[in-house]
Amino acid sequence: MRNRLLGLTLSAVTALATSPLILAQTSKTNVAKAQAPAPTVDLSGVWRRSRRAPDKTRKYTIYELAFSIANEKPPMTPWAEEKFKSAKPNVGPNAVSISESNDPILQCFPPGVPRIFLIRGEPVEIANLPGRVLMLFEYDHFVRNIYTDGREHTKDLPGTWMGDSIGKWEGDTLVVDTTGFNDKTWLDNDGHPHTEDLHVVERLRRVDHETLTIDTTIEDPKAYTKPWGGHAIYELKPDWNLGEMVCEDNVTYSDMQQKSEGGK
Amino acid sequence: MKNKIFSFPVLAIGIAIFAGTVTAHHGSSVYDSKLTTYKGTVTDFQFMNPHTEIWFEVTGTDGKAEKWTAEAPSLTTMARLGWNKTIFRPGDQVTFVGNVAKSGAKILRLRKVVFPNGKETVMDRGEDYAE
C-alpha cells in the first residue's frame, strides 16, 4: 500500500513538474508573451456545428442539435426561474414575434458565452498567435482572445459582455476558463439567465482532423443549483472562409417585418 | 445596395414581403410543412443578409400573373453553396420548391431551386430555427 502511494506521488510530481503550466512565466503585466508554451494540438481551422444526430433513438430538431446548450431543463434556482419567466425569445420552442421579444441580440448587443456559439449556425475560425488562441466568429465578427501564457484572470475591471478567458493545455485538451462577465446576456437562445459570477469552462479537443468537440460547463450558484452544460461537435470546413455578417442588417430586416406587422 | 440587380425601393419591397404577417422571425410554424413547387419567371433578386430574396411571377389558374417572394438563407450561406450576385437574372425561368406561408401571403420558404440550365441548389433549413 505504501509503495503504491509512493509510486502515485512520484508520478503526480513528475506530471506536474513537466506540466506547461508550471513552466510558464508569471508576468506582472497582462501582455501575451511570445515564450508561452506552444499548443499541444493544433485546433486551427474553420469549424461549424454538426447537424448529425447523436443517436437513433428519436428525431432531433436542428434547434436541439445546433442551437442549444443541452437538451434538458437547466437546474435553475428560484431566482433564475423568476428571471427566466420574463425572457421572451424570438426563436425556439417559446418563440414570440420580433416586436414582442426582449432578446438583447435583436438590438445587436453581444451574445456572451456560450451563446456566441449558438446563433444562426454560422462558423467559427480558430487561429493561433503567440500566447493566445483566437476564436473568430462569423456572427458579427466577434473575437475571443484565449490567453495561454499562464496569466491569471483580470480581477479589477468591471464585467464584460464576452468575459475574460484564459486557457491551458491538459494533454490534448485546451481548457478555456472564462469569468468576468456582466449580467446583461442570455446564456442561450431560450433566455436562461446568469449573474456576474458566471463561470464557464470549455474543453476543446480535436478528436480527429475533421472533428472538434467542445464540452461546456456552466457554474453560477445564484442561478443554478449545480454545474450543468453540454457536449458539442464541430466539423471542419476546409474550403470555407468566414464571410461578413453584420448584426445591424438583421435590425433593418426586422424593422421592415415589424412595420408590416403593424406593431403587433 | 451593391448586390441588387435593379434599384427598387427597399422599404416598399420589405412591406410587400411581409404584408401577410410572417410572425416569429424564422419560426417554421408559420409555414406549411408540405413542399410546393412553382415554375416562375424571375423579376428581381436581392443577395443579402439575413435572407436572400428572389421575386418571381407565376401565371395563376385564372390566367393572371401572381407575384411571389422566395426567401432563401443568408448571403454567406448561399455563397458557400455556389451562388453569386448574378445567379438570377430577370426573365429567367426557374423552378422554386419550398414551404408556403400559412397566412396566405405569397411567400415561399425556399428549399430547392432548379435553374434554367438544369442545375440545382438544395437548402438545409432548420425546422424551428431557420437560416
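Colleague: What should I know about numbering and thresholds before I start?

Modeller: Residues count from 1 along each chain as its sequence is written, and chains are lettered from A and ligands numbered from 1 in the order in which they are written. The model is predicted, so to speak of local features needs pLDDT of at least 70, side-chain atom pairs count only at pLDDT 80 or more, and totals for chains, interfaces and linings use all residues.

Colleague: What average pLDDT does chain A have?

Modeller: pLDDT is the predictor's confidence in each residue, from 0 to 100. Chain A averages 88, and 82% of its residues score at least 70. Over residues 20–28 of chain A, however, the pLDDT is below 50, and this stretch has 17 contacts in the model beyond near neighbours in sequence. Two residues are in contact if their C-beta atoms, placed from the backbone, lie within 7 Å. Where pLDDT is low, the predicted coordinates should not be read in detail.

Colleague: How many helices and strands are there in chain A, and how many in chain B?

Modeller: Both are DSSP runs numbered from the N terminus: helices are H or I with at least four residues, strands are E with at least two. Chain A has five helices and nine strands, while chain B has two helices and six strands. Read from the N terminus, the order in chain B is α-β-β-β-α-β-β-β.

Colleague: Which way do the side chains of β3(A) point?

Modeller: In a regular strand the side chains alternate between the two faces of the sheet. Here β3(A) covers residues 132–137, with Val133(A), Met135(A) and Phe137(A) on one face and buried. A residue is buried if 20 or more other C-beta atoms lie within 10 Å of its own, exposed if 12 or fewer, and partly exposed in between, with C-beta atoms placed from the backbone.

Colleague: Which strands pair with β3(A)?

Modeller: Strands pair if DSSP finds at least two bridges between them. β2(A), residues 124–129, runs antiparallel to β3(A) and is joined to it by six bridges. β4(A), residues 143–147, is also antiparallel to β3(A), over five bridges. Met135(A) is the bridge partner of Ile126(A) and stands opposite Arg144(A) in β4(A).

Colleague: Which turn residues have a positive phi?

Modeller: The β2(A)–β3(A) hairpin has two residues between its strands, and Gly131(A) in the turn has a positive phi of about 75°. The hairpin of β3(A) and β4(A) has five residues between the strands, with Asp140(A) at a positive phi near 50°.

Colleague: Why does Leu43(A) count as partly exposed?

Modeller: Because Leu43(A) has 19 C-beta neighbours inside 10 Å. Leu43(A) is in the loop between α2 and β1 of chain A. Not counting residues up to four places away in sequence, Leu43(A) touches several residues, including Ile126(A), Val133(A) and Arg206(A). Arg206(A) is 163 residues away along the chain, yet the two C-alpha atoms are separated by 6.4 Å.

Colleague: Which residues touch the most other members of the largest nonpolar core?

Modeller: A nonpolar core is a set of buried Ala, Val, Leu, Ile, Met, Phe, Trp, Tyr and Cys residues joined through C-beta atoms within 7 Å. In the largest, of 38 residues, they are Trp47(A), Ile116(A) and Val124(A). Apart from that core lies another of 21 residues, among them Tyr31(B), Val42(B), Phe96(B) and Ile107(B).
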